[in-house]
Amino acid sequence: MPETKQIPVQKIYEFIKDVFLKLGAPENDAKICADVLIFADLSGIESHGIGRLYYYYERIKAGVQNIVTEIDIVRDNKSIAVWDGNHGMGHVISYKAMQTAIDKAKKYGMGSVAVRNSTHYGVAGFYPKMAAEQDMIGLTFTNARPVIAPIFGSKPMLGTNPIAFGAPSDCEFPFLYDAATSITQRGKLEVLERKNEPTPEGWVIDNQGNYQTDTKQILRDLLAQKVSFVALGGTTELTGGHKGYGLAAMVEIMSAALQAGSFMHELNGLENDKRVPYRIGHFFMAMNIDFFIDISEFKKITGDIIRSLQNSEKAPGQNRIYVAGEKEYLNEIQIRKNGIPINTGLQKNINIIINDLNLDRSYFGF
Ligand SMILES: NC(=O)c1ccc[n+]([C@@H]2O[C@H](COP(=O)([O-])OP(=O)(O)OC[C@H]3O[C@@H](n4cnc5c(N)ncnc54)[C@H](O)[C@@H]3O)[C@@H](O)[C@H]2O)c1
């Protein structure tokens, strides 16, 4: 088996775009999907970059996700809109929804778009970063297939339901918090599976509340609802497990209740043992900073907060304090220089796509 290869960023970008084009995406949509996936790889989020391509490919082939995205506007009322994504590409729907929220915020000060019947939108952070790059605060939530058990519960009920928040600063990078409301998320386990590595103890419990660490078995048991991810904070109130559980439930409400969308077990992608669309819901918000305060003052204060955190006293043995968005910024510099690491498990998935779609077999040379 060949070893992990470092592939130049542009080459991976072109490949992802070619795959979506070959599947039938319009040129601009293929570019948006490639932009979101490559943003994940550049940020060092292996679970949501090219590593996710195979899952989208498989869903499009299985007919549970539409490669051509047709959006219906359910409501549009000044600063607020509600959209139906008709099971199109989650990245395309979300890019357009966030840009619409930003455009509304330019006019009204705030803009929000709630979306139903979408599909997996990838890294949540991409969308608030769009807002931060346009001198706004951005916020997004999405629900997902149920995998988190409520605190004191033993069955998965809520998705890994990420929260992403971005704000511009006068630093080299915006503040960008982007994470699941569970200790881990499915993509991280898929990465561990491709590397043949166990799941760390504390991430996953079975229906009896015991920790499980066999990654392959966990991924099988997740589908059968025999295991759950642990909410942020862990399995007890003492460690704050009720807080992660509360946040995941908040995200579920924002991703379903405002748009009359599907929620919790309705997102399983199965009905009477038949595969159906996942019917994911999202929420996007943009806040026009200029309506509150002069943008340069905002950026300076945000930058001062970032710098104060970075320069605060370190714990023994630690030599650096980070803030949200910083590691991703540093990763991008390295990855642009060194390329994107493609391990053997990922090479296998890429080769399946290359063969199935009759793409040039010498694309990556593995
Ligand atoms: N679309 C979906 O359904 C879905 C579901 C879950 C997660 N995701 C995505 O998966 C990705 C990874 O999520 P995750 O939960 O594994 O994230 P994670 O646990 O890796 O946390 C990432 C966040 O923590 C910050 N961070 C990391 N180390 C830090 C440190 N030492 N100090 C300060 N901040 C630090 C990062 O800047 C980032 O904002 C995210 O992009 C998320 O949106 C998507």
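Trainee: Why is strand β12 called largely enclosed by the rest of the structure?

Mentor: This is a predicted model, and in it 9 of the 9 residues of β12 (residues 280–288) are buried, so the strand is largely enclosed by the rest of the structure. A residue counts as buried if 20 or more other C-beta atoms lie within 10 Å of its own.

Trainee: Which residues of β12 point one way, and which the other?

Mentor: Ile280, His282, Phe284, Ala286 and Asn288 point one way, while Gly281, Phe283, Met285 and Met287 point the other way, and all are buried. In a regular strand the side chains alternate between the two faces of the sheet.

Trainee: What makes β4 and β12 paired strands?

Mentor: Pairing needs at least two bridges found by DSSP, and 7 bridges join β4 (residues 110–118) to β12. They therefore count as a pair, and they run antiparallel. One of the bridges sets Val113 against Phe284. Strand β5 (residues 136–142) also pairs with β12 in the antiparallel sense, over 7 bridges, and there Leu139 has Met285 as its bridge partner.

Trainee: Why are β2 and β7 said to stand at the edges?

Mentor: The open sheet has 7 strands in the order β2-β3-β4-β12-β5-β6-β7, with mixed pairing. β2 (72–77) and β7 each have a single partner strand, so one side of each is left without a neighbour in the sheet. The twist averages 10° from one strand to the next. For β7, 5 antiparallel bridges join it to β6 (residues 163–167), with Ala164 opposite Asp178.

Trainee: Which helices lie across these strands?

Mentor: Among them is α4 (residues 90–108), which lies across β3 (80–84), β4, β5 and β12 at about 160° to β4. Another is α5 (residues 126–133), lying across β5, β6, β7 and β12 at about 170° to β5.

Trainee: What does β7 contribute to the shell around the ligand?

Mentor: β7 gives the largest share, 4 residues. Of the 28 residues around the ligand, Val123, Ala124, Ala179, Ala180 and Tyr322 come nearest. The shell divides into 14 nonpolar, 10 polar and 4 charged residues.

Trainee: How do you know that Cys33 is well connected in the largest nonpolar core?

Mentor: Cys33 is listed with Ile16, Leu37, Met98, Ala101 and Met136 as touching the most other members of that 90-residue core. Helix α2 (residues 27–43) supplies the core's largest share, 10 residues. Leaving aside neighbours within four places in sequence, Cys33 is in contact with Ile16, Phe20, Ala25, Met89, His91 and Val92.

Methods: Residues numbered from 1 in each chain as written. Predicted model: local features only at pLDDT ≥ 70, side-chain atom pairs only at ≥ 80, totals over all residues. Near = placed C-beta within 6 Å. Helix = DSSP H or I, 4+ residues; strand = E, 2+ residues; numbered from the N terminus. Nonpolar A, V, L, I, M, F, W, Y, C, P; charged D, E, K, R; others polar. Core = buried A, V, L, I, M, F, W, Y, C linked by C-beta atoms within 7 Å. Buried ≥ 20, exposed ≤ 12 C-beta atoms within 10 Å, placed from the backbone. Contact = placed C-beta atoms within 7 Å. Axes fitted to C-alpha atoms, helices over the stretch in contact; angles between N-to-C directions.
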